[in-house]
Amino acid sequence: MGAGERGGRGSRGAETLFRALLFCVLGCGFCWGNSVERKIYIPLNKTAPCVRLLNATHQIGCQSSMNGDTGVIHVVEKDQDLKWVLTDGPHPPYMVLLEGELFTRELMLQLKGSSRISGLAVAISKPSPAQGFSPGLKCPNDGFEYPLCAMQLFAHMHAVTNTVTCMRRSSLQTAFSLNPEEVCDALSDYNVWSTLKPINTSSKIGPMDEVIIVATRIDSHSFFWNVAPGAESAVASFVTHLAAAEALHKVADVQMLPRNIMFTFFQGETFDYIGSSRMVYDMKMDKFPIRLDNIHSFLELSQVALRNSSVLWVHTDPVSRRNESIQPQVKTLVEALINSSMGANVTLQEVDQSQPLPPSSFQRFLRAKSIPGVVLADHRTSFQNRYYQSMYDTAENILMKYPEGLSPEETLDYVTDTAKSLAEVATVVARALYQLAGGTGNTSAIQADPRTSIIKQDLKGLLGDELPQHYIAVTTLVNTTQLVQYVLANLTGTVVNFTKEECLNPEKTPNPEKEMYVYTWAQGSRDPNSTSRVPFCVQSTVHLTKAASPAFELKQWGSTEYSTWTESRWKDIRARIFLVASKELEIITLVVGIAILILSLLATYFINAKAHVLFSSSGDGGAVAY
Amino acid sequence: MNLERVPNEEKLNLCRKYYLGGFALLPFLWLVNVLWFCREAFLAPAYTEQPQIKSYVQRSAVGLLFWVVVLTTWVTIFQTHRARWGELGDYLSFTIPLGIP
């Protein structure tokens, strides 16, 4: 009995140990379950997809199949390589890997409609002088022998046809479905605006009060999603604008000026003027503190970084100038600008008066009311910017060069030529605005600080490895808007002695001026000696106002009056590369596998049938106890 | 249900009920009627209720054919033309495929 019990306990112990071991092995196996996938696929990390955007009538962008598109990679470095892909190559479909310079419309039209191409990948060509260009993949080029390198792209877009269709489908889903599946989102964000003299935003300003609006855009776009460096098209302009705002705030008697100045930064201008059309709509519907009648004049800074021999061109609108009351006001505006440019390294020249305006936010205001205004640009007729709204519109495009061997802190202090040039433009703008607002003092003291420009431009480099991109996405408050908001508050606001609670909840303090100001709690700069920061409260007049197209407010998705741009939704965007085997190898593997299966079934059957012959032991015929 | 154990009046009753029920826009009842009573109506040795059962089965078959033709035509038209119908197509659909017109 005792021996049996001991034996029983021992076997139970062994069983438990065995079970524990099995559990461990299975558990570890589960954790390592994906290692086979990692052995096959290499995911590509630093990629930018091309997504689908839709407007009232059409769709633009790219689409892939639901489960991705696969093709054998073929590098196209010159036009002759295309022949291999389109006609000669023996292993279609191909995934074309294109060098950046060849990514042109003519080439794309050649590839269009070919069933031998399953996708396209573009390698951005950095202007690299001596080393030449290389796609930089370790994957071998398409040779004549297997195994070949293949790439699979996943970018399945949910929206299709146009904004009207996708918004209708989204609203049907939201209304009737238990699990709504929205397919697209409107592009929207916020405009940033600030006034020189504080105004009460909860009510409207008086009908006799006049405001001069200064405007720039802060966004850009390119073929690829969220790649929009926009250095010349947007960044240089709003940096100049910020510098001019700072210069004006430093003048002593600005609070006594007869007219107010509103510094406005429009978001979404790339997509049919989302920000400016919304502001005009709000002004017409009386939802904005300032009305269209209060606008005295309008000054817009278009692209200003690439001035040819320091000339800045002044564009005006010929249609509104035909009005007798507008024409002299425009002349006054231009004269103020020309007067302010004396002494600065900026030559202002007017373009031909019959030439219409370049693409600008001012046109949205003119559609509502004739306002005297000018648009300043570095081009007379065609753009100086050769990379307008493309991924190559970077700092190199505006000739921002630092000397070799500077540390990041030194680059922060270094004043580039571009910064100096933008500062001069900002000086001219600030002086002209002072004159227009009725200022009578000496304007030569107003100077924009080029270091202000640098700090902005280098902040960009400091904000992580990549440059910040200026695409108006569908999530609200992109980095650019926040950046402009906080920098403007920093430059034009004053530090006040509030505690954190008072700063974050200004309505609790009995301060009669709190309606006019916005309070921001700033983290403060890091003391070089200590590791803690000294936070403070900034009082400024910087406000955010929604920049979403009125077409979506009015539910007129097919509107021709307002912007109707939307961005499609998607589940999964990724790319991966892997090796593919030849068809013959695949078939051989399959046949061998099936043969082994059949063989093993037969073997099992025969062994089972002849078991009493194969496994007979001598004399043991009794029943086995379990 | 095993029809061998059912008395003949019962069979006639069942057949009639299924036949009449199919008129309430329920073609599957007619389908069941045809498949279930097919052997009874045409292959079993004759008995008194058989001619009536036979007529019910035949009429159910006619109704079934009508429904098959109508539904097949509608499904074909819908699947091929839904994309072209735009707004009407979306309102008629329960699930709309993603990413294709």
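A: What follows is a short tour by question and answer.

Q: Ground rules before we start?
A: This is a predicted model: local features need pLDDT of at least 70, side-chain atom pairs count only at pLDDT 80 or more, and totals for chains, interfaces and linings use all residues. Residues are numbered from 1 along each chain as its sequence is written, chains are lettered from A and ligands numbered from 1 in the order in which they are written, and side-chain values use heavy atoms, with hydrogens and water left out.

Q: How many helices and strands are in chain B?
A: Chain B has four helices and zero strands. Helices (H or I, at least four residues) and strands (E, at least two) are DSSP runs, numbered from the N terminus. Along the sequence the pattern is α-α-α-α.

Q: Is chain B spread out or compact?
A: Spread out. Its radius of gyration is 20 Å, well over the 13 Å that the globule rule gives for 101 residues, so chain B is more spread out than a compact globule. That radius is taken over C-alpha atoms, and the rule is 2.2 Å times the number of residues to the power 0.38. The C-alpha trace of chain B spans about 60 × 20 × 20 Å along its principal axes.

Q: How many residues does each chain bring to the contact?
A: Chain B brings 11 residues and chain A brings 14. Contact means heavy atoms within 4.5 Å.

Q: And what area is buried between chain B and chain A?
A: About 940 Å², with carbon and sulfur atoms giving 57% of it. Buried area is the accessible area (1.4 Å probe) that two parts lose on being put together, summed over both.

Q: Which residues of chain B lose the most area to chain A?
A: B:Asp90, B:Leu98 and B:Gly99. Together they make up 57% of what that side buries.

Q: How many salt bridges are there between chain B and chain A?
A: Two. A salt bridge here is a side-chain nitrogen of Lys or Arg within 4 Å of a carboxyl oxygen of Asp or Glu. B:Asp90 bonds this way with A:Arg168, the closest N and O atoms being 2.5 Å apart. That pair runs from helix H4 of chain B to helix H5 (residues 163–176) of chain A. B:Asp90 also forms a salt bridge with A:Arg169, with the closest N and O atoms 3.2 Å apart.

Q: How many salt bridges over all chains?
A: The whole structure has 20.

Q: Back to the side of chain B that touches chain A. Which helix gives the largest share, and what classes are its residues?
A: Helix H4 (residues 87–92) of chain B gives the largest share, three residues. By class, that side has six nonpolar, two polar and three charged residues. Ala, Val, Leu, Ile, Met, Phe, Trp, Tyr, Cys and Pro count as nonpolar, Asp, Glu, Lys and Arg as charged, and the others, Gly among them, as polar.

Q: New topic: sheets. In what order do the four strands of the open sheet in chain A run?
A: The order is S3-S2-S20-S8, with antiparallel pairing. Strands S3 (59–60) and S8 (184–186) stand at the edges with a single partner strand each, so one side of each is left without a neighbour in the sheet. Two strands pair if DSSP finds at least two bridges between them.

Q: Which strands pair with S21(A)?
A: Strand S7 (residues 148–157) of chain A is one of them, antiparallel over nine bridges. There, A:Leu148 has A:Val580 as its bridge partner. Strand S1 (residues 42–43) of chain A is joined to S21 (residues 570–580) by two bridges, also antiparallel. A:Ile42 stands opposite A:Ile577.

Q: Where is the cis peptide bond?
A: Between A:Pro92 and A:Pro93, with omega about -5°. A:Pro93 sits in the loop between helix H3 (81–88) and strand S5 (94–99) of chain A.

Q: What about phi of A:Asp272?
A: Phi is near 60°, a positive value in a residue other than glycine. Most residues other than glycine have a negative phi.
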